[in-house]
Amino acid sequence: MDTQIKDMALFEDLWKECEPSLRGICNRKLSSYPSEIDDVIGDTYLALCNAVSKGVEIENPKAWLYGTLNNIIKLKYAELDRKKKTYIRLERVENELFYDVDFDSHELSDEVLNSIKDEIVEELLDCEKTLLILLYEKKLKIKEISVILNTTEAAIKQKHYRLKRKIKLLAKEKIKNFE
């Protein structure tokens, strides 16, 4: 019991000593996202609490703390990057094919989004629409589609990759026209 109290006292001293410089690092590295700084500091504090409560022996606590902070910042950037991406989902409503497009980082009206979706659908080839229907609406596996289309699985994977890339590029191009 005394060991845990001693560790907790060391933990408190370490945090009080390092917190200002950790916050300074966050301010520099997350200057584009100031609202995320407190979250990252809090996550770092929780990581330290968890390590202490589990009795993890840390040789160099300051280095561990700064390393943990940097890892959490990298994870935060990955999360923020995912939120910015454009997502396109295939749906069929009343036998009409359309794409639901989510733009997390863009505030566009529903009218504009529908216009973008319509333009993307118009620019797709029939064979591309067929592939998307088989993959997303019918939920067939690549192997099953290759049998239906009488081609190899590698060819289907390649077509799917190129099609996703094409849709993303079309969506980005359409967004720029409305910004």
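Student: Why is Tyr77 called partly exposed?

Tutor: This is a predicted model, so the value is computed from its atoms. Tyr77 has a relative accessible area of 32%. Buried means under 20% and exposed means over 50%. The 32% of Tyr77 falls in between, so Tyr77 is partly exposed.

Student: How many aromatic pairs does a search of the whole structure find?

Tutor: The search finds two. Trp15 and Tyr45 make up one of them.

Student: What makes the pair of Trp15 and Tyr45 edge-to-face?

Tutor: Take the centres, then the planes. The ring centres are 5.0 Å apart, and a pair needs them within 6.5 Å. The planes stand at 70 degrees, and edge-to-face requires over 60. Both tests are passed, so the Trp15 and Tyr45 pair is edge-to-face.

Student: Which parts does the pair of Trp15 and Tyr45 tie together?

Tutor: Trp15 sits in helix α1 and Tyr45 in helix α2, so the pair ties together parts 30 residues apart in sequence.

Student: Are Trp15 and Tyr45 buried or partly exposed?

Tutor: One of each. Trp15 has 12% relative accessibility, which is under 20%, so Trp15 is buried.

Student: What is the geometry of the rings of Tyr33 and Tyr77?

Tutor: Their centres are 5.8 Å apart and their planes are at 80 degrees. The distance is within 6.5 Å and the angle is over 60, so this pair is edge-to-face as well. Tyr33 lies in the loop between α1 and α2, and Tyr77 in helix α3, 44 residues apart.

Student: How do you know that Lys76 is buried?

Tutor: Lys76 has a relative accessible area of 9%. The cut-off is under 20%, so Lys76 counts as buried. Lys76 is found in helix α3, residues 61-84. Beyond residues up to four places away in sequence, Lys76 touches Glu36, Asp39 and Val40.

Student: What makes Glu36 and Lys76 a salt bridge?

Tutor: Their closest N and O atoms are 3.0 Å apart. The limit is within 4 Å, so the pair qualifies. Glu36 is in the loop between α1 and α2 and Lys76 is in helix α3, so the bridge ties together parts 40 residues apart in sequence. Glu36 has 14% relative accessibility, under the 20% cut-off, so Glu36 counts as buried.

Student: How many salt bridges does this rule count?

Tutor: Six. Among them is the bridge of Arg23 with Asp38, whose closest N and O atoms are 2.8 Å apart. Arg23 is in helix α1 (residues 2-29) and Asp38 in helix α2 (residues 37-53), 15 residues apart.

Student: What makes Lys166 and Glu128 a salt bridge?

Tutor: The distance from N to O is 2.9 Å. The rule asks for within 4 Å, so the pair counts. Lys166 is in helix α7 (residues 153-178) and Glu128 in helix α5, 38 residues apart. Lys166 has 26% relative accessibility, so Lys166 counts as partly exposed. Glu128 has 15%, under 20%, so Glu128 is buried.

Student: Which residues do salt bridges that share partners join into one network?

Tutor: Glu19, Arg23 and Asp38.

Student: How do you know that the span of helix α5 agrees with its 12 residues?

Tutor: Helix α5 covers residues 126-137. At 1.5 Å a residue, the 12 residues should span 16 Å. The end C-alpha atoms are 15 Å apart, which agrees.

Student: Which residues of α5 are buried?

Tutor: Glu128, Lys129, Leu131, Leu132, Ile133, Leu134 and Leu135. Lys139 follows α5, with a positive phi near 55 degrees.

Student: Which elements give two or more residues to the largest nonpolar core?

Tutor: That core has 17 residues, and those touching the most other members include Leu22, Val40, Leu48 and Ile73. The contributing elements are α1, α2 and α3. Helix α1 gives the most, with seven residues.

Student: What is Leu48 in contact with, leaving aside neighbours within four places in sequence?

Tutor: Leu48 is in contact with Phe11, Leu14, Trp15, Trp64 and Leu65. Apart from this core lies another of 15 residues, among them Val112, Ile120, Leu135 and Ile167.

Methods: Residues numbered from 1 in each chain as written. Predicted model: local features only at pLDDT ≥ 70, side-chain atom pairs only at ≥ 80, totals over all residues. Heavy atoms only, no water. Helix = DSSP H or I, 4+ residues; strand = E, 2+ residues; numbered from the N terminus. Expected span 1.5 Å × (residues − 1). Buried < 20%, exposed > 50% of the residue type's maximum accessible area, 1.4 Å probe, protein only. Contact = heavy atoms within 4.5 Å. Salt bridge = Lys/Arg side-chain N within 4 Å of Asp/Glu carboxyl O. Core = buried A, V, L, I, M, F, W, Y, C linked by side-chain atoms within 4.5 Å. Phe/Tyr/Trp six-rings, centres within 6.5 Å; stacked < 30°, edge-to-face > 60°.
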